[in-house]
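Please read the points alongside the coordinates.

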Amino acid sequence: MGRFGNQADHFLGVLAFSKAVNRTLILPPWIEYRYGEPRSIQVPFDTYFNVDKLLEFANVITMEDFMREIAPTVWPIEKRVSFCYTQRTGEIQNSCNAKSGNPFGPFWDTYNIDFNRSEFYAPLNYDAQNEKILEQWKIRYPVDKWPVLAFTGAPASFPVQKENVDMQKYLKWSNDIEHRSKLFIKKNMSGGGFLGIHLRNGQDWVKACQHVKDSPMLFAAPQCVGYRNERGPLTMSMCLPKPSEILKRLFSRQIKRVIKKLSDIKYIFVASDSNHMIEELNAGLRRPEIKILKFQPSSNPHLDLAILGQANYFIGNCVSSYSAFVKRERDMKGLPSEFWSFPQRKKNKHEEL
């Protein structure tokens, strides 16, 4: 579901679920939507992440290796069944309609996969901590009769369940991404520490944040407010701060506080889906000795993530699953992070403005 951040949340749940039911996880490609392309693009899993690290936790195989080496024997064309909780809307009645729409059709077409029939697995769910449910999966779908479970949608929750957050430690960047991110840091931010910040401000995000009042658990909000809102309510400022808040309060107060706390900060690296606000940052910070930059020549979301994960300090968006990915990775490394407008701080008259 969605773009990379949402897919990553789903992946952590799927990894936990496959391990819990004692199945090998066929690592799916990452789904990308590129400007001007009418159909989604499927990017092999190992383009961005290290498969060997996942093997430390569970049995996994890339989709490409599975289709080439195992599927012809274990999952022949005439025995390909699509799994879904209940029937999905589409051309065929009483069916998962597994290839109906985008990205569904392009996803399976990438590997020349068609399905002969559908299997509805209701009322089962995919809670990897529920022993009774897991046992029912094994009884209802024994390996000898059901060697492959091909789900129409990810068997996982969004946002990631609290119990599965630690699965992040098995997501290690590929050698290519790791090398390129370190090279960028070395070439552009050597000689001092750097603060990484994520600004989510594209038009799609503006529309999404309009649902804050009606959706207190919007997207990745639980990382801030808790899974039961036990840490307070979700506010619009946490999702999409007003320009005046960004310049006068968030940039000035939060960023200056971090710089004051970490005296070795010489750079600020900005990742954004739209407006990086480099000029506004420079004007608000008024610290010419601190260089503010973004990835060049053009934004690369995965390299941005890898760079943010290595920052001396990180400030992200409470509601964004993209920020959530960075926060989880940094938590696994023991690196400090915080969020825009959270927690709410009382104004200190002695605080630098």
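Predicted model: local features only at pLDDT ≥ 70, side-chain atom pairs only at ≥ 80, totals over all residues.

Which hand, left or right, does the crossing of H12 and H13 have? The crossing of H12 and H13 is right-handed.

1. Packing of H12 on H13. Helix H12, residues 301-308, packs against H13 at an angle of about 35 degrees, and the two axes lie 9 Å apart. On the H12 side the contact is made by Pro301, Asp304, Leu305 and Leu308, while H13 contributes Tyr322, Phe325, Val326, Glu329 and Arg330. By class, the residues of this contact comprise 6 nonpolar and 3 charged, with no polar residue.

2. Packing of H1 on H13. Helix H13 (residues 321-333) also meets helix H1 (residues 4-20): the axes come within 7 Å and cross at roughly 50 degrees. An angle between 35 and 65 degrees falls in the oblique range, so H1 is oblique to H13. The crossing of H1 and H13 is left-handed. From H1, the residues in contact are Phe4, Gly5, Asn6, Ala8, Asp9 and Leu12; from H13, they are Ser321, Tyr322, Phe325 and Arg328. This contact of H1 with H13 divides into 5 nonpolar, 3 polar and 2 charged residues.

3. Overall architecture. The secondary structure of the protein chain amounts to 13 helices and 12 strands. Its radius of gyration is 22 Å, close to the 20 Å given by the globule rule for 353 residues, so the chain is as compact as a globular protein of that length. Along the principal axes, the C-alpha atoms fill a box of roughly 70 × 45 × 40 Å.

4. Burial and contact range. Of the 353 residues in the protein chain, 51% are buried. Among contacts with a separation of 6 or more, 70% are accounted for by residues 24 or more positions apart.

5. Cis peptide bonds. The bond from phenylalanine 158 to proline 159 is cis, with omega near 0 degrees. Proline 159 is placed in the loop between strand S7 (150-151) and helix H6 (175-188). A cis bond also runs from phenylalanine 342 to proline 343, where omega is near -5 degrees. Proline 343 belongs to the segment after strand S12 (337-339).

6. Asparagine 97. This residue has a positive phi of about 45 degrees although it is not a glycine. Asparagine 97 sits in the loop between strand S5 (81-84) and helix H4 (104-109). Is asparagine 97 buried or exposed? Its relative accessibility is 6%, under the 20% cut-off, and asparagine 97 therefore counts as buried. With neighbours within four places in sequence left aside, asparagine 97 is in contact with Arg88, Thr89, Gly90, Glu91, Ile92 and Ser118.

7. Arginine 286. A positive phi, about 50 degrees, is also found at arginine 286, again not a glycine. Its place is in the loop between helix H11 (278-285) and strand S10 (291-293). Arginine 286 has a relative accessible area of 57% and is exposed, whereas asparagine 97 is buried.

Definitions and conventions
Residues numbered from 1 in each chain as written. Heavy atoms only, no water. Axes fitted to C-alpha atoms, helices over the stretch in contact; angles between N-to-C directions. Helix = DSSP H or I, 4+ residues; strand = E, 2+ residues; numbered from the N terminus. Parallel < 35°, antiparallel > 145°, perpendicular 65-115°, else oblique. Left-handed = near helix turned anticlockwise from the far one by under 90°. Contact = heavy atoms within 4.5 Å. Nonpolar A, V, L, I, M, F, W, Y, C, P; charged D, E, K, R; others polar. Rg over C-alpha atoms; globule rule 2.2 N^0.38 Å. Buried < 20%, exposed > 50% of the residue type's maximum accessible area, 1.4 Å probe, protein only.
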